[in-house]
Protein chains: 2
Amino acid sequence: MVIIGTGNVARNLFDAFRTSVDVNVMQVMGRKKQALSYFNTTKTTSDPKNIAAADIYIIAINDDVLSTVDELFDVKDKFLVHCSGAMPVTILPAKARRGSLYPLQTFTAGRKISLREVPFCLEAEYQDDLYLLTSLASSISDHVRHVTYHQRQALHLAAVFSNNFTNHLYSVAREICVEQNVPFELLHPLIKETAAKINQMTPEQAQTGPARRGDRKTQAMQLNLLKNKEYRKLYRFFTKGISGAYRAKNEIAEKS
Amino acid sequence: MVIIGTGNVARNLFDAFRTSVDVNVMQVMGRKKQALSYFNTTKTTSDPKNIAAADIYIIAINDDVLSTVDELFDVKDKFLVHCSGAMPVTILPAKARRGSLYPLQTFTAGRKISLREVPFCLEAEYQDDLYLLTSLASSISDHVRHVTYHQRQALHLAAVFSNNFTNHLYSVAREICVEQNVPFELLHPLIKETAAKINQMTPEQAQTGPARRGDRKTQAMQLNLLKNKEYRKLYRFFTKGISGAYRAKNEIAEKS
């Protein structure tokens, strides 16, 4: 197997495959010579001409350059697998055998993720390739599944809401704390518990707070505290969304 | 010490204080007789006339009835402490000595929280009462601090963003999954990692995804997938917010 790309996804996959006895990472190819040093326990190259022959090529590069991967090397009949949540396998050059290996996780520089628990969503144009890809992914994760493109798109979109947008809410929360000179760290246990709760109940069941309770007095006070117009909009939007979703259940009073 | 109220906050405080050697929960008072059975390891009453004399009364009832607590019993010169994040201590009757004990956590029926790690934010009108309250709270939490009302308000508002609103995003994510027949549980590791990341870096540093990358193609595709008009608004709003916040740093390409 060859990995093309040197970013956070490439690094996390590399680290997991490296310790797997069933998989041999033959080579990592990346344009940035400096980034290749991370992979110096295997062969590396920055010259596409030197890309090795392999049963699978994992293409861990940005979505917008996936379609140009055949400018790098002769991909004819090669099994290419991208790692994108958003793009169809058909974004890859048509003369290749195409597939997708989507690890449903957020990869950030400086954080090592244990991939064992990470769901890997797989797709391939040909049944034999799907077998091969399944055995590859199963060597590093216990949660491998085949998905359709529509399902992968839904998962990616759901990931954007529950990861990217959630993280932005943390940013706003941090700003509010900094303004009043209280450490954002005080919110860490709450944030951890919010995430942990959904293992035990649905988000609908877990919902608490002034919007859920229909507590208009607190809502008015909080809107008044928000100096940033955009944050006020956000506050109104969520309050409306939550009240709408839970209007029927508003007799249940819970504190958050 | 006497607890007035029988909801999730009262229960979690009761369970913590009960196992503390320094504090004696003399009585729990609640209007709902059925709810009192939870507290049957101490004295309980549903009749306000029987409220015992105590050094501290913890008033764990809904915000909108805090001001009427003197209709329950003679509060003159009694030390009353509410648990509200939003309300000033002056919402309590003026003839009492007033304070606030705000546990910065979300309490949901059916989930037991370990309070040791939970920040307790304290306020009291009188210095001696603040000492007493501090020693009380310190017996169940390692993170006790004195805050001003402005600071408590800011923390409560930040909690609404990072807990209530975040949880609503989980709801939206779940809906998207259910629609395409993929289990929401696949997102659990991602949600857990999103929350865990902020222990190591600021939310700004942790931000990833199509909005952060300025990936307009994926943004357009995802908007197209969203059938619910309100969710499209939410998507646009967050994308705008994140792009605005990170516009200067968009050369950094990360995958999520």
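User: Which side chain meets that of Glu230(B) in a salt bridge?

Analyst: The N to O distance in this salt bridge is 3.5 Å. The pair runs between chains, from helix H9 of chain B to helix H9 of chain A; helices (H or I, at least four residues) and strands (E, at least two) are DSSP runs numbered from the N terminus. The rule asks for a side-chain nitrogen of Lys or Arg within 4 Å of a carboxyl oxygen of Asp or Glu. The partner of Glu230(B) is Lys240(A).

User: What kind of model is this?

Analyst: Residues are numbered from 1 along each chain as its sequence is written, chains are lettered from A and ligands numbered from 1 in the order in which they are written, and side-chain values use heavy atoms, with hydrogens and water left out. Local features need pLDDT of at least 70, side-chain atom pairs count only at pLDDT 80 or more, and totals for chains, interfaces and linings use all residues, since this model is predicted.

User: Is Lys240(B) buried or exposed?

Analyst: Lys240(B) pairs with Glu230(A) in a salt bridge of 3.5 Å, N to O. This pair also crosses between chains, from H9 of chain B to H9 of chain A. Buried means under 20% relative accessible area, exposed over 50%, partly exposed in between (1.4 Å probe, protein chains only). Glu230(A) is partly exposed at 27%, while Lys240(B), at 51%, counts as exposed.

User: Which residue is linked with Glu230(A) and Lys240(B) in a network of salt bridges?

Analyst: The network takes in residues of chain A and chain B. Next to Glu230(A) and Lys240(B), it includes Lys233(A).

User: Which element gives the largest share of the side of chain A that touches chain B?

Analyst: The interface holds 39 residue pairs in polar contact, both at pLDDT 80 or more. Elements that give two or more residues to the side of chain A include H1 (8–18), H4 (149–179) and H9 (229–246). With 27 residues, the largest share comes from H4(A).

User: How much area do chain A and chain B bury between them?

Analyst: In contact (heavy atoms within 4.5 Å) are 100 residues of chain A and 100 of chain B. Buried area is the accessible area (1.4 Å probe) that two parts lose on being put together, summed over both. Carbon and sulfur atoms carry 65% of it, and the total is about 9,800 Å².

User: Are Asp215(A) and Arg213(A) buried or exposed?

Analyst: Their side chains meet in a salt bridge of 3.8 Å, N to O. Relative accessibility is 14% for Asp215(A), so this residue counts as buried. For Arg213(A) it is 16%, again buried.

User: Which residues of strand E5 of chain A are buried on the side of Phe79(A)?

Analyst: In a regular strand the side chains alternate between the two faces of the sheet. E5(A), residues 79–82, is covered on both faces, with Leu80(A) and His82(A) buried on one side.

User: Which residue stands opposite Phe79(A)?

Analyst: Strands pair if DSSP finds at least two bridges between them. Three bridges join E4(A) to E5(A) in parallel, and Ile58(A) stands opposite Val81(A). Four bridges join E5(A) to E6(A), also parallel. There, opposite Phe79(A), stands Arg97(A).

Notes
A polar contact is a pair of N or O atoms within 3.5 Å; within protein, one must be able to donate a hydrogen and the other to accept it, and residues adjacent in sequence count only if both atoms are side-chain atoms.
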